[in-house]
Amino acid sequence: MTDTEVRFPYQDAALDIEQRVEDLLSRMDAADKAGMLFHTMVGIGDPSEGNPTFGLPSAHSMIRKRRMNHFNLLGSAPSGREFAAWSNALQRFAREDGLGIPITFSTDPRHAFSDNPLTSMFAGPFSQWPETLGFAALASPERLERFGDIARQEYLAVGLRVALHPQIDLATEPRWSRINGTFGESADLTSELVVGHILGFMGSELGPESVSTMVKHFPGGGPQLDGEDPHFEWGKEQVYPGGEQEYHLRPFIAAIGAGATQMMPYYGKPVGTDWEEVGFGFNKDVLTTLLRDRLGFDGIVCTDWGLLTDADILGTPMPARAWGVEHLTRPERMVKALDAGIDQFGGELCTDVLLELLASGAVAEDRLDVSVRRLLREKFRLGLFDDPFVDEKHAEAVVGRADFVQEGLDAQSDSLTLLTNTDAILPLTRGVKVYAEGVASDVLAGYATVVETPAEADVAILRIKAPFEDRDRGGFSAMFHSGSLEFPAEEHARLTAIAEAVPTVIDIYLDRPAVLGGLEESARAVLADYGASDEAVLRVLFGERGPQGSLPFDLPRSDAAVVASRSDVAFDTEDPTFRFGHGLRY
């Protein structure tokens with residue numbers, strides 16, 4: 001914004017941020033303040049049209065009618081230039097109205113392989129890297145900081161200013177479906193890695209070249225009862241049979257020390273602790289007494305998505321994740337969450353409910369001001385008031401830049417974890433006859449002679465995924481891999497038969513631990529990946545690069561061992577097949 005455009009002190013970049021915050025706050029009416037407290041999704045597309053899948057009104061109406069200016073982007077544009085153009089158009093629309101408060105665009109992870117729209121996005125035009133478990137396998141804060149810096153450049157280029165990650169829950173319950181977004185089972189390793197992640201995205205301090213990180217899910221979402229997920233009513237309980245609340249807090253303490261400015265509590269409600277048995281987004285014991293008072297966090301606390309309002313997604317009812325307060329009305333839930341210490345409601349847009357609470361005196365405007373100050377301060381520190389726009393030509397050059405793509409590919413390869421290599425079958429010799437499953441023939445043809453049956457082959461390469469139970473209960477439930485970690489008997493027998501017919505190499509995608517059930521003995525080599533393309537895997541199998549990964553969690557011996565373990569205690573399954581840190585080299 002040029003000097004000639006400065007009409008009010010809050011628009012003056014020469015002034016102290018606190019002066020600008022107070023000036024703007026004094027000019028905001030109740031609707032302006034209420035709109036700040038809502039952070040929901042918006043799809044990349046026509047901003048004048050709604051999104052029927054998620055039951056969302058148009059971006060234009062949310063900005064104008066609800067005065068909202070925090071949006072989590074769904075989907076992607078085909079290119080960096082188109083992405084940037086879309087972002088700029090919406091920023092222009094926001095600037096033209098009222099106080100001209102710029103939009104803060106946020107995103108779930110979009111640099112890896114997972115495609116669950118409730119937790120992450122396809123990489124699209126961005127460089128592609130392993131899932132966070134892959135960085136845990138590399139165990140290098142420096143490597144993760146480098147990734148963060150590259151992702152920061154790509155995000156900045158298209159106007160994304162808040163990363164709804166890192167996810168630093170600990171994978172102490174092996175059946176939990178969200179493990180692929182974590183850094184594994186170790187609090188020590190996760191505490192080291194979260195610092196690298198935050199520094200990569202933020203830099204040494206939050207500023208105009210930073211992407212802010214919303215660390216989740218406080219106070220640690222790993223110890224879910226039976227490994228079920230609290231996105232759903234059947235997974236709402238979080239348990240600590242080993243009394244290890246402090247173990248799960250350690251990565252969050254490291255994140256706060258590294259300068260994290262935003263925090264997201266999870267959906268689950270703690271059971272059998274000294275905390276109130278209500279979901280963490282409503283939990284004053286956790287958000288005020290623990291996070292703010294004890295740990296000294298004074299940044300933004302944003303709830304996970306959809307705590308207040310029942311929804312209908314993909315034709316399936318999805319109740320509000322108001323665990324422990326289901327009996328409260330929506331206004332009562334809102335009051336309880338505000339009293340607990342939240343600053344924003346994620347995935348909600350019921351600004352009218354908050355305005356009614358203000359009008360009735362059930363919520364004081366002074367309470368809103370506490371949160372609005374935090375939210376405005378973040379926008380000012382990110383430089384959004386001074387220049388919310390991005391250079392579309394620059395975005396075209398930066399997003400998916402060739403050297404970024406190459407570094408991502410190298411990280412995919414390097415994160416691969418070699419569990420077994422009987423008789424040193426790996427690396428394979430180029431040109432060998434290969435029977436393959438789960439590998440694109442055209443990619444494999446660059447390394448080997450592709451044959452149609454195991455009988456014709458010198459070696460079989462099988463790319464498989466960690467097992468899970470099919471639990472499609474409608475909506476998005478099928479996208480959450482949960483239940484048994486053991487392969488179905490028929491599939492286990494089929495894989496074993498191939499391994500008995502021809503020397504076999506298995507590459508298994510671990511989005512959570514797997515019970516190999518003897519495949520580690522029948523196959524000549526077993527490799528684990530955490531999101532890797534065929535090219536990334538074949539480079540390692542044929543010796544262009546060596547595997548550098550180490551397991552970020554134990555691989556349990558059986559489902560029975562998992563059931564007998566304590567959900568909150570790390571490395572608690574009896575006699576695991578492979579231990580945390582295992583990884584061969586060549």
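Modeller: The crossing of α6 and α14 is left-handed: the near helix is turned anticlockwise from the far one by less than a right angle, whereas clockwise would be right-handed. This is a predicted model, where local features need pLDDT of at least 70, side-chain atom pairs count only at pLDDT 80 or more, and totals for chains, interfaces and linings use all residues. Residues are numbered from 1 along each chain as its sequence is written, and side-chain values use heavy atoms, without hydrogens and water.

Helix α6 spans residues 141-158, and helix α14 spans residues 402-415. Helices here are DSSP runs (H or I, at least four residues), as are strands (E, at least two), numbered from the N terminus. The two helices pack at about 145°, with axes 11 Å apart. Axes are lines fitted to C-alpha atoms over the stretch in contact, and angles run from 0 to 180 degrees between N-to-C directions.

Which residues meet? From α6 come R143, R146, I150, Q153 and E154. From α14 come F404, E407, D410, A411 and D414. Contact means heavy atoms within 4.5 Å. By class, this contact has six charged, three nonpolar and one polar residues. Asp, Glu, Lys and Arg count as charged; Ala, Val, Leu, Ile, Met, Phe, Trp, Tyr, Cys and Pro as nonpolar; the others, Gly among them, as polar.

Now the whole. The protein has 19 helices and 18 strands. Its C-alpha atoms fill a box of roughly 75 × 55 × 45 Å along the principal axes. Of the 586 residues, 61% are buried, meaning under 20% relative accessible area with a 1.4 Å probe, protein chains only.

Notes. Buried < 20%, exposed > 50% of the residue type's maximum accessible area, 1.4 Å probe, protein only.
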